[in-house]
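Please brief me on this protein model. Keep it short, and group the points by topic.

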Amino acid sequence: MGSKVWRLLDANANRAREGLRIIEDTARFVLEKPYVARGMRELRHGLDALVRNHYKKLLLARDVAGDSGRTNASKPYKGSVQDLLAANFKRCEEALRVLEEYGRVMSPGSVKIAQGLRFKVYQWETKLLSNGSRKHAST
C-alpha cells in the first residue's frame with residue numbers, strides 16, 4: 001500500500017506544479033502581470049519545499065507506463081485564456097487538497113503546508129479572475 005500512496009503523492013505534486021507553471025507563464029507572457037508570475041513562482045517553490053525531502057520515494061513510486069489514467073490523444077484547446085487559467089487554478093487546488101489529505105505520509109507538518117499553499121492558490125484565483133480582472137484575462 002505504501003508505494004501506491006507515494007505514487008498518488010507524486011502524481012498530485014506533479015499536477016499542482018504543472019498547473020502553477022501554466023498560470024505563471026500565462027501571467028508573465030500573455031497577461032504581462034509580473035506580480036502574478038512572481039506569486040506563482042513562490043507557490044511552486046513552496047510546493048518544491050514540501051516534497052523535496054521525499055523526491056527519491058516519489059520518483060521510485062512513479063509508473064508512467066502503467067498509469068491507467070494516462071491518455072495519448074490531445075484535443076485542440078478551444079477556450080479562452082480565462083478558461084485555461086480557471087482550469088489550472090482548479091487543477092492546482094484539487095491536487096493540493098490530495099497532498100493535504102495524504103500529506104501525513106510525508107510528515108505531520110506537510111498537512112499544514114499543503115493547506116497553506118491551497119489557500120494561497122484560492123486567493124490568487126480570486127485576484128486574477130475576479131470581475132475586475134476578467135477583461136484582461138481573456139485578451
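Predicted model: local features only at pLDDT ≥ 70, side-chain atom pairs only at ≥ 80, totals over all residues.

Residues are numbered from 1 along each chain as its sequence is written, and side-chain values use heavy atoms, with hydrogens and water left out.

- Helices (H or I, at least four residues) are DSSP runs, numbered from the N terminus.
- Helix α1 has 29 residues. From its first C-alpha to its last, α1 reaches 41 Å, close to the 42 Å expected at 1.5 Å a residue.
- The expected span of a helix is 1.5 Å times one less than its number of residues.
- Helix α4 covers residues 81-102, which is 22 residues. Its span should be 32 Å at 1.5 Å a residue, and its end C-alpha atoms are 32 Å apart, which agrees.
- Buried means under 20% relative accessible area, exposed means over 50%, and partly exposed is in between (1.4 Å probe, protein chains only).
- At the start of α4, a side-chain oxygen of Ser-80 comes to within 3.3 Å of the backbone nitrogen of Gln-82.

**The nonpolar core**

- A nonpolar core is a set of buried Ala, Val, Leu, Ile, Met, Phe, Trp, Tyr and Cys residues joined through side-chain atoms within 4.5 Å.
- The largest nonpolar core has 31 residues. Met-40, Leu-47, Leu-50, Phe-89, Leu-99 and Leu-128 touch the most other members.
- Two or more residues of this core come from each of α1 (2-30), α2 (34-51), α3 (55-61), α4 and α5.
- Helix α1 gives the largest share, eight residues.
- Leu-50 is in contact with Leu-99, Met-106, Ser-110, Ile-113, Ala-114 and Leu-117, leaving aside neighbours within four places in sequence. Contact means heavy atoms within 4.5 Å.

**The largest pocket**

- Rolling a probe the size of a water molecule over the atoms shows where empty space is left.
- A pocket is an open set of points on a 1 Å grid over the protein atoms alone, where a 1.4 Å probe fits, with protein on both sides within 12 Å along at least five of seven lines. Lining residues have an atom within 4 Å of a point.
- The largest pocket holds about 460 Å³ of space. That volume is the space filled by probe spheres set on the points, and grid points are joined across faces, edges and corners.
- Its lining has 18 residues, and the closest to its centre are Ala-11, Asn-12, Asn-14, Arg-15 and Asp-67.
- Both α1 and α4 give two or more residues to the lining. The largest share, 10 residues, comes from α1.

- Asn-12 sits in helix α1. It counts as buried, at 7% relative accessibility.
- Asn-12 is in contact with Ala-95, Val-98 and Leu-99, leaving aside neighbours within four places in sequence.
- Asn-12 and Cys-92 are 80 residues apart along the chain, yet their C-alpha atoms are separated by 8.6 Å.
- Thr-26 also lies in helix α1. Its relative accessible area is 8%, so Thr-26 is buried.
- The side chain of Thr-26 reaches the backbone oxygen of Ile-22 at 2.8 Å.
- Thr-26 touches Leu-31, Val-81, Leu-84 and Leu-85, not counting residues up to four places away in sequence.

**Two residues of α5**

- Tyr-122 is in helix α5 (residues 108-129). At 29% relative accessibility, Tyr-122 counts as partly exposed.
- A polar contact of 2.9 Å joins the side chains of Tyr-122 and Arg-118. A polar contact is a pair of N or O atoms within 3.5 Å; within protein, one must be able to donate a hydrogen and the other to accept it, and residues adjacent in sequence count only if both atoms are side-chain atoms.
- Glu-125 is found in helix α5 too. At 14% relative accessibility, Glu-125 counts as buried.
- Glu-125 touches Phe-89, Lys-90, Glu-93 and Ser-130, not counting residues up to four places away in sequence.

**Loops**

- Glu-32 lies in the loop between α1 and α2. It has a positive phi of about 55 degrees although it is not a glycine.
- Glu-32 is exposed, with a relative accessible area of 62%.
- Gly-79 lies in the loop between α3 and α4, and counts as partly exposed at 34% relative accessibility.
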